[in-house]
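Here are a few friendly notes to read alongside the model. Please keep the viewer open as you go through them.

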Amino acid sequence: MNKTGSTSLQNALYWGRAGLLSAGMLYPETGCGLSGTSMIFQYELSRMLGYSNTPAGSEGDAGKLKADLENEITAHNPNLLLLSSEYFCLRRDISRLQQFLAGHELTVVVYLRRHDYWYASLYAQAVASIPGAFPWSPGFAGYVDWLARHPDHFHSYGALLDHWRAAFPAANIVVRPLTHDLHRNEAGKSETLNMVHDFFLQISTPLPEHLAHIELRRDNRSAGPVQVQEAELNRRVQRGEAVGDFEIFPQLVEAEAVQRVILTQAADYAYIAEKYLGQTMQPLFSTAGVTV
């Protein structure tokens, strides 16, 4: 999923490609597309297969891309191929992707974030990246309401996972709830290194030595919650929009609108824990302390 540390993980894989190859793993350049200042994730690959906000490529383009990828695989003869694109979490027809990967043994690793933290990060990114008029009503609550009705997204993580389970064996889908332990090391410093360790643990592959010491890039840091909301407010005022009582929350995750979302997702968290993690007594994310 996007906004779960995926860019940092992709940076580690992309800039560590040479070391990965020496360990028998290929993070291919074929299909990579621009993200910030780095071509680090397989944007073109996901777009060609229909997973994008821009038009998908033709069957012929997808066929050429697959041929290019197979040529890169043949040239390096890896034991393991690593692919990553946040766009694979969009609500799209999965049959083309299924056909593209036919004949390969697949492990799908999905990192999920509790909805309040996920929505807050998505909001910060949207304010920073959307040009012109914002498509939601003023304020973070307006954004949450707009996002919940957006047809491109799976707002139920269970629906997203079931979408993939319809095409690939459930045993091959690894679900990882993004928790404090993955986001921080014991000293409370950078969250990324532990996530890289965790990713290789989930694919039952020893962490390559060079990745244990790689200096990781962060290309998409978000501004603080108050700064983000003020940026939205200022943009609307500059455009001459009516903003009404624009409420600014010191912490976005405390907003009533997103707290309500967590409560509506509680049953889904329990379903995912039982179906994909084998946990009947512990949900995917705790909703303790969440009140509306």
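Predicted model: local features only at pLDDT ≥ 70, side-chain atom pairs only at ≥ 80, totals over all residues.

1. Let me start with the packing. The largest nonpolar core holds 56 residues, and Leu112, Tyr119, Phe140, Tyr143, Tyr157 and Trp164 have the most contacts inside it. Helix H6 (residues 115-129) supplies the largest share of this core, eight residues. A second, separate core has 20 residues, including Met25, Phe41, Val196 and Phe199.

2. Apart from neighbours within four places in sequence, Phe140 contacts Tyr119, Ala120, Tyr123, Glu232, Leu252, Ala255 and Val258. Phe140 also belongs to one aromatic cluster with Tyr123, Phe134, Trp136, Tyr143 and Trp146.

3. On the rings, the count is 16 aromatic pairs. One of them joins Trp136 and Tyr143 edge-to-face, at 4.9 Å centre to centre and 80 degrees between the planes. Trp136 counts as buried because its relative accessibility is 4%, under the 20% cut-off. Phe199 and Phe200 also pair edge-to-face, with 5.4 Å between centres and 80 degrees between planes, and both residues are buried.

4. Two charged ends sit over rings. That of Arg17 lies over Tyr14, 4.1 Å from the ring centre, and that of Lys66 lies over Phe100, 5.5 Å from the ring centre.

5. Is Leu21 buried or partly exposed? Leu21 has 32% relative accessibility, so it counts as partly exposed. Leu21 lies in helix H2 (residues 17-22) and, leaving aside neighbours within four places in sequence, contacts Leu26 and His76. Its C-alpha atom is 9.1 Å from that of Asn77, 56 residues apart along the chain.

Methods
Residues numbered from 1 in each chain as written. Heavy atoms only, no water. Core = buried A, V, L, I, M, F, W, Y, C linked by side-chain atoms within 4.5 Å. Buried < 20%, exposed > 50% of the residue type's maximum accessible area, 1.4 Å probe, protein only. Helix = DSSP H or I, 4+ residues; strand = E, 2+ residues; numbered from the N terminus. Contact = heavy atoms within 4.5 Å. Phe/Tyr/Trp six-rings, centres within 6.5 Å; stacked < 30°, edge-to-face > 60°. Lys NZ or Arg CZ within 6 Å of the ring centre and 35° of its normal.
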